[in-house]
Amino acid sequence: MAKTIKMETVMDAINDALYDRSKPWDAAFGKAEALTGWSRFKVLMCILLVNSVLLVYGANAKVTSNIIGLVYPALTTLSLTVSSSLVWRKYDRVSTADQARNEKFTYWMTFTAVLIAESLCRPVVRLIPLYRTCRTWFLVWCFAPIRHNGSGYIFDMVVRPCFKCGVTLRPLSRE
């Protein structure tokens, strides 16, 4: 009974986010809803199902995974770095804007680390079943617009402790 209530709570939260007019996906889901006649939640479930099938059985699973890991973070990073000061009006304080910028930059560090580790361990990675699906969900968790996303967690648990332990990067002097 408690699991059913928790599941309904999660479904309600997802449904509320899908109908939130301030979110960037509102227009796309509105068009899909009008075109298919399905609720936005059903459209989302179909998108997730198709992506899951492509990641498991698709010949271009790596390309699909990289597209998912690149498109949304690239657009948000671009809007944070290139756009005029109008973007920053969305944030209450300058520190919140800096925090949003730092979240995107920590994601790019995480994404690069995944690519490097993947290239170094390519023979082992090929043997892991459902690796592309797990990788994609990991990247989604890393760039998710939530308070404690994966890239922030990795930065706090791995990167920051390395620098607290005395690992410092100093520029080379030419003296």
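## Basis

The model is predicted, so local features need pLDDT of at least 70 and side-chain atom pairs pLDDT 80 or more, while totals for chains, interfaces and linings use all residues. Residues are numbered from 1 along each chain as its sequence is written, and side-chain values use heavy atoms, without hydrogens or water.

## Helix H7

Helix H7 covers residues 131-143. Helices here are DSSP runs (H or I, at least four residues), numbered from the N terminus. The expected span of a helix is 1.5 Å times one less than its number of residues. For the 13 residues of H7 that gives 18 Å, and the end C-alpha atoms are 18 Å apart, so the two agree.

## H7 against H8

Helix H8 spans residues 150-164. The axes of H7 and H8 come within 5 Å and cross at roughly 80°. Axes are lines fitted to C-alpha atoms, for helices over the stretch in contact, with angles from 0 to 180 degrees between N-to-C directions. H7 is therefore roughly perpendicular to H8, a term for angles of 65 to 115 degrees.

Phe138, Trp141 and Cys142 of H7 meet Gly150, Ser151, Tyr153 and Ile154 of H8. Contact means heavy atoms within 4.5 Å. The contact residues comprise 5 nonpolar, 2 polar and no charged. Nonpolar covers Ala, Val, Leu, Ile, Met, Phe, Trp, Tyr, Cys and Pro; charged covers Asp, Glu, Lys and Arg; the others, Gly among them, are polar.

## Salt bridges

The whole structure holds 5 salt bridges. Each is a side-chain nitrogen of Lys or Arg within 4 Å of a carboxyl oxygen of Asp or Glu. Arg21, Asp26, Glu33 and Arg40 are linked in a network of them. Asp26 pairs with Arg21 at 3.9 Å, N to O. Asp26 is buried, at 12% relative accessible area, but Arg21 is exposed, at 71%.

Arg40 also pairs with Asp26, at 2.7 Å, N to O. This pair links distant parts of the chain: Arg40 lies in helix H3 (residues 40-57) and Asp26 in helix H2 (residues 26-36), 14 residues apart. Arg40 is buried, at 7%.

Glu118 and Arg132 form a salt bridge at 3.1 Å, N to O. Glu118 belongs to helix H5 (residues 94-120) and Arg132 to H7, 14 residues apart. Both Glu118 and Arg132 are buried.

Key
Helix = DSSP H or I, 4+ residues; strand = E, 2+ residues; numbered from the N terminus. Parallel < 35°, antiparallel > 145°, perpendicular 65-115°, else oblique. Buried < 20%, exposed > 50% of the residue type's maximum accessible area, 1.4 Å probe, protein only.
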